[in-house]
Every structure is written in structure tokens, then in C-alpha cells.
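Hi everyone, thanks for making time. Have a look at it first, and then we'll go through it together.

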Amino acid sequence: MHAVSTLPEKGHNFVPMETAQGQLGQSRRSGRRRKHILPGFHLTLGYTLVYLSAIVLLPLLALLLKTITPTANYPSVYKVVGHVIEVATDTRSLDSYRLSFGISFAAALINGVFGFIAAWALIRYQFPGKKFIDALVDLPFAMPTSVAGLALCQIFSTHSGYLGGPLHDWFGWKIAYTSWGILIALTFIGFPFVVRTLQPVLSDLSAEVEEAAACLGANRWQTFRRVIFPAASPALLTGIMLAFGRGVGEYGSIVFISSMIPYLSEITPQLIIIKLDENDYVGAAGLGLVMLLMSFVIVLTVNCIQYVVSRRRKGA
């Protein structure tokens, strides 16, 4: 038997093992550093932080400081905080929270269902007037909210409304100046958020995937439940949250179609306006802070749900 030579062949450079490992580690470290540094990264990050601070963080900080800064009527921090807690936990305020968040969430869920259907029809099918209908989806974006409220009152008013009058005469339904009117107004203004969020995702979902599922024996419901909905669910959830957030802060359209009766049909933004008219700026800031915290908790919960769903999907 011939011994196998371990010496390098002629024409090849011999690199010691320690030197090769050191070069490999150095290249990995330099590659790791280069991986996270993009051209203009520091400039864009700085601009983003400054912009967010000026537009978002500073107003929120001012709202928080308003709830702890002494005033002439409340000369100490203890009295200011006590007044904020008293206003925020009042029965009238609690009823306005339930109405604002409850109806906004219900309107967002309705938009989630019908917005998905509308987005699917606009993406998957060709029909006469498609461009016109697609443009109508953006109408709540362009229409002033007060104009939307007046238009909805003209439609659903009990006495002179085009739909409200017949509905009241035939079935005894009263929509305008009730909680149902608020629900319709919030559904109207939140509809485009769901449609526009879903359209890019549904357009990227190829029809061949559905055909493959059908070839494997899946029916229409199974294809939707196992193929279409999992791919579109993150965008759908995002659109629902956008519609929900838009509805929580809505005022212009609701003030016309709601009776704004305390403990019955009064929303929190309306109560904040009343506090401002009464020169109770501390109480108004307290109500705004409560709505901010509740909205933050809801958004954080949804983001956690999205994170858990994505992790399970990657693990599967």
C-alpha cells in the first residue's frame, strides 16, 4: 500500500489551519456588520425618529402632562389627578366608552365581512362599471365627515328619509338619532380601510393556488378556509383595526345622525367637546388619555395575536 501524501500539490498555496479559521471568522464578522448597515441608514433613522417625535410623541406627552399639571381650579397635582380619575370613572363617561368602543368594533367587524367580499369581487371578476365602483370605494375618504352625516340623515331620517321613512312605517324601525345610526355612520367611514388593505394581498394570490387545491379534491369552502383566508387574514385583521381606530375617534358624521343623549347615545368624543365647552380642559384631557390607553391596549393585543399566528404558521 502507498502512503497518501498530506502535502499540498505544486502550484497550490498552503494556508495553516489557524490562519484560515481567523480569516473565516473575520469575514463572518465583517459580513455581519455589513448586513445591517444600508446606505443612508443613520440619516433615515434620525429623520424617522424626529418626525415621529414631532407628530406623535410630543402631542401625547402634552396630553399626559395636562392631566398632572396644576391649574387655578386644581392647584396641586393630587387635586388634578383626583379630578381626572373622577371624570374618567363617572357613569356618564363609562357609558360613552361602551358606546364608542362597542359600536366601533361592531362596525369594523361588519366592514371586515363585506369589505372582504367587495375586495374579492373587484380583484377576481370583470364586470361593467368596475372602475366606477372601485372609485366609489374611496368616496368616504374624500367626503367631509359632516357631509357624510348630513347625507345619512337625509337617507335614514324617520320623517323625510328615503329609506328611514319606509322602514319606520312598515317595520317600526328607527335608525336616525339612535345607536343604529351611529353604527351605519361608522360602517360607512371605515369601509375603504378594509377594501384597500385587502386588495394588494388578494391580487398577489394567484388563481393557480385555488386550482391546485381543487385538483387535490378541496371544495370551495375548504379552499377558502385553508388557502385563501390564511393568506389574507393578516391584511384583513389590519384593515379591521384601521376601521376600528377610525371609528373610535369619529365625531363629524356621528354628531348629525345621533341624538347625543347622555347615558344613551353619547360618544366619548362628544363628551370631550362638552368638557371643553365647560372650560374643563383637565377633564377633557383625562378622557382623551383614557381613550388613548384603551386604543393602545387593543392594538397591542391584536399585534400579539398576529405574532402568535405567524409563529404557528411558520412552525407548521
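This is a predicted model: local features need pLDDT of at least 70, side-chain atom pairs count only at pLDDT 80 or more; totals for chains, interfaces and linings use all residues.

Residues are numbered from 1 along each chain as its sequence is written, and side-chain values use heavy atoms, leaving out hydrogens and water.

Now, aromatic pairs. Rings of Phe, Tyr and Trp (its six-membered ring) pair if their centres lie within 6.5 Å; planes under 30 degrees apart are stacked, over 60 edge-to-face, and the rest tilted. The whole structure has 8 such pairs. In one of them, F105 and F244 have ring centres 6.0 Å apart and planes at 85°, so this pair is edge-to-face. F105 sits in helix α4 and F244 in helix α11, 139 residues apart; helices here are DSSP runs (H or I, at least four residues), numbered from the N terminus. How accessible is F105, buried or partly exposed? F105 counts as partly exposed, at 41% relative accessibility, whereas F244 is buried at 4%.

F141 and F193 make another edge-to-face pair, with 5.0 Å between centres and 90° between planes. F141 belongs to helix α6 (residues 139–142) and F193 to helix α9, so the pair ties together parts 52 residues apart in sequence. F141 is partly exposed too, at 42%. Ring pairs also join F116, W221, F224 and F229 into a cluster.

F116 brings us to the packing. A nonpolar core means buried Ala, Val, Leu, Ile, Met, Phe, Trp, Tyr and Cys residues joined through side-chain atoms within 4.5 Å. The largest core has 32 residues, and F116, L198 and L202 touch the most other members. Helix α11 supplies the largest share of this core, 9 residues. Counting contacts as heavy atoms within 4.5 Å, and skipping residues up to four places away in sequence, F116 touches partners including V194, F224 and L236. There is also a second, separate core of 10 residues, with I103, L186, I189 and I254 among them.

On a 1 Å grid over the protein atoms alone, a cavity is a set of points where a 1.4 Å probe fits but cannot get out; a pocket is an open set with protein on both sides within 12 Å along at least five of seven lines; and lining residues have an atom within 4 Å of a point. Points are joined across faces, edges and corners, and volume is the space filled by probe spheres set on them.

The largest pocket holds about 300 Å³. Among its 13 lining residues, W120, E210, R220, T223 and I228 are closest to the centre. Helix α11 gives the most to that lining, with 4 residues. The second largest pocket has about 230 Å³, and α9 leads its lining with 5 residues.

Finally, what is the volume of the largest cavity? About 40 Å³, and α4 gives the most to its lining, with 4 residues. I103 and L186, from the second core, are among the lining residues of that cavity.

Note on methods. Helices (H or I, at least four residues) and strands (E, at least two) are DSSP runs, numbered from the N terminus. Buried means under 20% relative accessible area, exposed over 50%, partly exposed in between (1.4 Å probe, protein chains only).
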